[in-house]
Amino acid sequence: MAPQYLFPLFFVVIFFFHWRIISAQSPAVAPAPSGTNVTAVLEKAGQFTTLIKLLKSTKTADQINTQLSTSNQGITIFAPTDNAFASLKAGTLNSISEQQKLQLLQFHILPSYYTTSQFQTASNPLHTQAGNSDDGQFPLNVTTSGTQVNITTGVVTASVANTIFTDNQLAVYQVDQVLLPLAIFGSPAPAPAPAAKTSVKGSDAPSAGSSSNDSPVDASAAIGLKHQTMKAVSMALTMLAAFLL
């Protein structure tokens, strides 16, 4: 008969092997997914070198990554290609201030996640991170025709050429032109035309019967005629008085 002290040891061994079997069957816990990096997405897609440089120099990339990790609303980005930037008029980016460059980039960012189908029912103008579009400074309007999405800014009209990335939190769409906001690149309002000088034509000249516009010559003639009339009346009265006497 086995010693009594072997029974507790037996149960310990059984428990150990049972725990090993359960642990082996349990699935491993997957590591938490890392946050999406917008510049990494663009670098992988290629042809966005200029956009990436601007995102980094203005710290916009850091703001986007932070918002993606802290907000549930998502972000939509319209990404112009290097060819789109190259088609701008020479010196366009150098002619604006650093603040305007930041606004230019923010104008390409919507603070909500949009699928291409959601653009069909979106209310214009869309709000961007550049500012309030209701005041007419940063209007961004989208129109759709089937699966085609067009974007108008009041300065340019662009088209969505391709979906670069989407994960239900971040949507990046390739556009064929840089979206130039009206507040920065809009033409200034034309200066009002000077008031035209009007000249009095012959037909518009005052009539001769208008007493308020009589010329000095007409007034002198009237005075002379009155004097002659009075003189004639005086002579007639003198002659009548002599006849009666």
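# Getting to know a predicted fold

Q: Leaving aside its neighbours within four places in sequence, which residues is I52 in contact with?
A: I52 is in contact with T39, L42 and E43. For a contact, heavy atoms must lie within 4.5 Å. Please keep in mind that this is a predicted model.

Q: How far apart are I52 and T39 in sequence and in space?
A: They are 13 residues apart along the chain, and their C-alpha atoms are 6.1 Å apart in space. I52 itself belongs to helix α3, which covers residues 49–57.

Q: Why does I52 count as buried?
A: Its relative accessibility is 9%. Buried means under 20%, so I52, at 9%, counts as buried.

Q: What makes T81 buried, and where is it found?
A: T81 has a relative accessible area of 7%, and the limit for buried is under 20%, so T81 counts as buried. T81 is in the loop between β1 and α5. Beyond four places in sequence, its contacts are Q47, F48, Q174 and V175.

Q: Why is K59 called exposed?
A: Exposed means over 50%. K59 has a relative accessible area of 51%, so it counts as exposed. K59 sits in the loop between α3 and α4, and it has a positive phi of about 65° although it is not a glycine.

Q: Why is N168 called exposed?
A: Its relative accessible area is 64%; with the cut-off at over 50%, N168 therefore counts as exposed. N168 lies in the loop between β5 (157–166) and β6. Its phi is near 70°, a positive value in a residue other than glycine.

Q: How many residues does the largest nonpolar core have, and which have the most contacts inside it?
A: This core has 27 residues, and L42, L51, I64 and I77 have the most contacts inside it. The elements that give two or more residues to it are α2 (38–45), α3, α4 (60–70), β1 (75–80), α5 (82–86), α6 (98–106) and β6 (170–175). Helix α3 gives the most, with four residues. Apart from this core lies another, of 19 residues, among them F78, L110, I151 and V160.

Q: Leaving aside its neighbours within four places in sequence, which residues is I64 in contact with?
A: I64 is in contact with V38, L55, I75, I77 and I109.

Q: Which residues of α6 are buried, and what covers them?
A: In α6, K101, L102, Q103, L104, L105 and Q106 are buried. Their cover includes α3, α4, β2 and α7 (182–185).

Q: How many cavities of 30 Å³ or more does the structure hold, and which residues line the largest cavity?
A: The structure holds one such cavity. The largest cavity has about 30 Å³ of space, and L51, L55, I77, L105, H108 and I109 line it.

Q: Which classes make up the lining of the largest cavity?
A: Five of its lining residues are nonpolar, one is polar and none is charged. Leu and Ile count as nonpolar and His falls among the polar residues, so H108 is the polar residue of this lining.

Q: What makes β2 and β3 edge strands?
A: The open sheet has six strands in the order β2-β1-β6-β5-β4-β3, with mixed pairing. Strands β2 (109–110) and β3 (141–145) are its edges, and each pairs on one side only.

Q: In which sense do β1 and β2 pair, and over how many bridges?
A: They pair in the antiparallel sense over two bridges. At least two bridges are needed for a pair, so β1 and β2 qualify. In this pairing I77 stands opposite I109 in β2.

Q: In which sense do β3 and β4 pair, and over how many bridges?
A: Strand β3 pairs with β4 (residues 148–152) in the antiparallel sense over five bridges. T143 has N150 in β4 as its bridge partner. Their hairpin has two residues between the strands, and there G146 takes a positive phi near 70°.

Q: What makes the peptide bond from N124 to P125 worth a look?
A: This bond is cis, with omega near -5°. P125 has its place in the loop between β2 and β3.

Q: How many helices and strands does the chain have?
A: The chain has eight helices and six strands. Of its 245 residues, 29% count as buried.

Note on methods:
Residues numbered from 1 in each chain as written. Predicted model: local features only at pLDDT ≥ 70, side-chain atom pairs only at ≥ 80, totals over all residues. Heavy atoms only, no water. 1 Å grid on protein atoms, 1.4 Å probe; cavity = no way out; pocket = protein on both sides within 12 Å on 5 of 7 lines; lining within 4 Å. Points joined across faces, edges and corners; volume = space filled by probe spheres on them. Buried < 20%, exposed > 50% of the residue type's maximum accessible area, 1.4 Å probe, protein only. Core = buried A, V, L, I, M, F, W, Y, C linked by side-chain atoms within 4.5 Å.
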